[in-house]
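Please look over the sequence and the model first, and then read on.

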Amino acid sequence: ACRARRAARGFAMIHHDFASDLRAGIAAAGEAVSASGGDTVRLLRWADLGPCDHARWTQLSDRAGTANVFAQHWFMDAALRHCAAPDDVRIAIAADAAGRWIGLLPLVRAPRFGRWPVANWRTWTATNQFLGAPLVLPHAAFRFWRLLLDHFDAHADGALLIHCHQFAADNPVAAALVGLCAGERRPLHLV
């Protein structure tokens, strides 16, 4: 396991110091990254999820309670099967040292941010999906975002920001992201 290095911070967007990534020769964004306590983040194609991964997603869906219903396994399986280019969507999975999933967020790498040629990771949502927030265990939102941001600090894959869309202002997972960015002085722009 490799250790995540601390990069210059940035964020609906997470602005990223990609010049230091180029100097460091960052590995592909799918590499597992060890964080504090052995927690990991993996970016996997939906087609690469195995039976154990699907079982963990089901467990996370059951334990996440009233979290984003659109990110639960039964909805996202159908959405990814029928609405997505399977090689484009990555499932960002944060797990604890025992392999239990803390949270997940479907992402896609985009070459542009609006009219600007700025590579970015953006949350993936299906047509008519009205909430794009991650599926996260109750009381684990700060931990989830900390792991995900540390992962992208170390493995940006040339992307300068994370564009999160379809987040509800009163969602506790979205509030945790705002709070974490404020606490770390990461730029966060609500658009």
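Which residues are linked in a network of salt bridges? The network joins R146, D150, D153, E184 and R186, where a salt bridge is a side-chain nitrogen of Lys or Arg within 4 Å of a carboxyl oxygen of Asp or Glu.

## Basis of the report

This is a predicted model, in which local features need pLDDT of at least 70 and side-chain atom pairs count only at pLDDT 80 or more, while totals for chains, interfaces and linings use all residues. Residues are numbered from 1 along each chain as its sequence is written, and side-chain values use heavy atoms, with hydrogens and water left out.

Side chains of opposite charge can pair when their charged atoms come close.

For R186 the relative accessible area is 4%, whereas E184 is partly exposed at 26%.

## A bridge between α2 and β2

In the whole structure, a search finds eight salt bridges. Among them is the one between D53 and R42, with 3.1 Å from N to O. Because D53 lies in helix α2 and R42 in strand β2 (residues 40-45), this pair ties together parts that are 11 residues apart in sequence. D53 is buried, with a relative accessible area of 10%, and R42 is partly exposed, with 25%.

## The second largest cavity

Helix α2 (residues 51-63) also gives the most to the lining of the second largest cavity, with four residues. A cavity is a set of points on a 1 Å grid over the protein atoms alone where a 1.4 Å probe fits but cannot get out, and its lining residues have an atom within 4 Å of a point. The lining consists of R56, Q59, L60, R63, R100 and W101, and the cavity has a volume of about 40 Å³, which is the space filled by probe spheres set on the points, these being joined across faces, edges and corners.

By class, three of the lining residues are charged, two nonpolar and one polar; Asp, Glu, Lys and Arg count as charged, Ala, Val, Leu, Ile, Met, Phe, Trp, Tyr, Cys and Pro as nonpolar, and the others, Gly among them, as polar.

Notes:
On a 1 Å grid over the protein atoms alone, a cavity is a set of points where a 1.4 Å probe fits but cannot get out, and a pocket is an open set with protein on both sides within 12 Å along at least five of seven lines; lining residues have an atom within 4 Å of a point. Helices (H or I, at least four residues) and strands (E, at least two) are DSSP runs, numbered from the N terminus. Buried means under 20% relative accessible area, exposed over 50%, partly exposed in between (1.4 Å probe, protein chains only).
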